[in-house]
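Dear colleague,

Please find the structure for your review below. My notes on the contact between its chains follow.

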2 protein chains.
Amino acid sequence: MAQRNTRQRAAVGELLGRTSEFRTASQIHDDLRHAGEDIGLTTVYRTLQLMVEAQQLDAIRTDDGETAYRRCSTGHHHHLVCRTCGRTVEVEGPAIERWTDQVAADHGFTDVQHQLEIFGVCGNCQH
Amino acid sequence: MAQRNTRQRAAVGELLGRTSEFRTASQIHDDLRHAGEDIGLTTVYRTLQLMVEAQQLDAIRTDDGETAYRRCSTGHHHHLVCRTCGRTVEVEGPAIERWTDQVAADHGFTDVQHQLEIFGVCGNCQH
DNA sequence: ACGCTTTTGACAACCGTTTTCACTTTCGTT
DNA sequence: AACGAAAGTGAAAACGGTTGTCAAAAGCGT
C-alpha cells in the first residue's frame, strides 16, 4: 500500500507551509507540542526525511551541526547579520542567484543550492 | 606563556600543508597513525580548532554531518561542493564581492564579511 | 636541570539523529 | 460498520561525530 495520511504528517506539513524560514527538527517538534499536537520527535524526523525525498523541503546543515528544513520556495533571500547585536536584515539578490547557477553549470554541477550570509556591524553598534 | 610547539601540531600542520583537499578529523587521524605518528584523536580535533581560529584552515560541514578541514589558500574565494562525493571547486566572483559590500553599505553596515557556499551534484556523480 | 604552565590522550559525556520493536492507526476490502 | 494487512508511531536504546575531564607528559623561560 502507498503512503498514508496521518494527523502527524498533516501537522508538520501545515506548520512548514505557513513559514518560509529554516527550522530544525526540534524547533518544529517544540512548536507542534506547544500548539497542542501530540507528536514524537522521531516522527518529526521521519516526516521531514520523507518530505526532503519528495522534494517538498530543502535541508541545510547549520554551523553547529544541526539540520534545518524549509519548504522549497521560489524567491529565497539571504541574511545581513550584525555581529554585535544580532540584528538581521533579509536581502534579496537576483544577480546572485543567476551567478551561482551559472558558475555551477559551468562546472557541470546540477541540483544546485547555495547559502550566503553577510556579517558586519550595523549603524547602531558603531558608536 | 604563549602557544607551544609540539610534535603533534607540527604533524597536523605539515599534513594539511601538503594537500589542498578537504579532510575530516578522523581521516587526518588515520593518515597520521598510518604514517607512524603517535597522536590521539582528541588532539587532532583540538589542533584543527586552533588552526581554524588562527584562520589557517577553512572548515565546512559535509552533508552527512562531519566537519572537513582544508588549509586556506590565499585570495578570497568561494566553494562549489559536490554533495555526493565532496569534490570541491574554488570559484571567484568579483561581482559577488561588490554586491555584498553594496548591500551592506545600503543598510548602514560596516566591517563586512561574507560566506557563500554552493552545493550541487557534480558531473561524475550524476550516473 | 628546575618548575611552572601548556598540552596530551584515554575515557566518558554530549547532542543530534537513526534504529528498534511493540503497539496503534489507516484504508481497501468485506 | 467491521476486519485485517500494511504502514505509521513513539519511547527508549543505539549510533557517530565532537567536546569535556583530569591525571600524566612535555615544552620552555629561568
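Across the interface of chain A and chain B, the rule finds zero salt bridges, a salt bridge being a side-chain nitrogen of Lys or Arg within 4 Å of a carboxyl oxygen of Asp or Glu. Please note that this is a predicted model, in which local features need pLDDT of at least 70, side-chain atom pairs count only at pLDDT 80 or more, and totals for chains, interfaces and linings use all residues. Residues are numbered from 1 along each chain as its sequence is written, chains are lettered from A and ligands numbered from 1 in the order in which they are written, and side-chain values use heavy atoms, with hydrogens and water left out.

In terms of contact (heavy atoms within 4.5 Å), 37 residues of chain A meet 37 residues of chain B. The two chains bury about 3,000 Å² between them, with 65% of it on carbon and sulfur atoms; buried area is the accessible area (1.4 Å probe) that two parts lose on being put together, summed over both. In chain A, the residues that lose the most area to chain B are Arg61(A), Trp99(A) and Phe109(A), together 22% of what that side buries.

As for the strands (DSSP runs of E, at least two residues, numbered from the N terminus), E6(A) and strand E6 (residues 110-121) of chain B run antiparallel and are joined by nine bridges. Two strands pair if DSSP finds at least two bridges between them. Within E6(B), His114(B) is the bridge partner of Ile118(A).

Yours sincerely

Technical notes: Helices (H or I, at least four residues) and strands (E, at least two) are DSSP runs, numbered from the N terminus.
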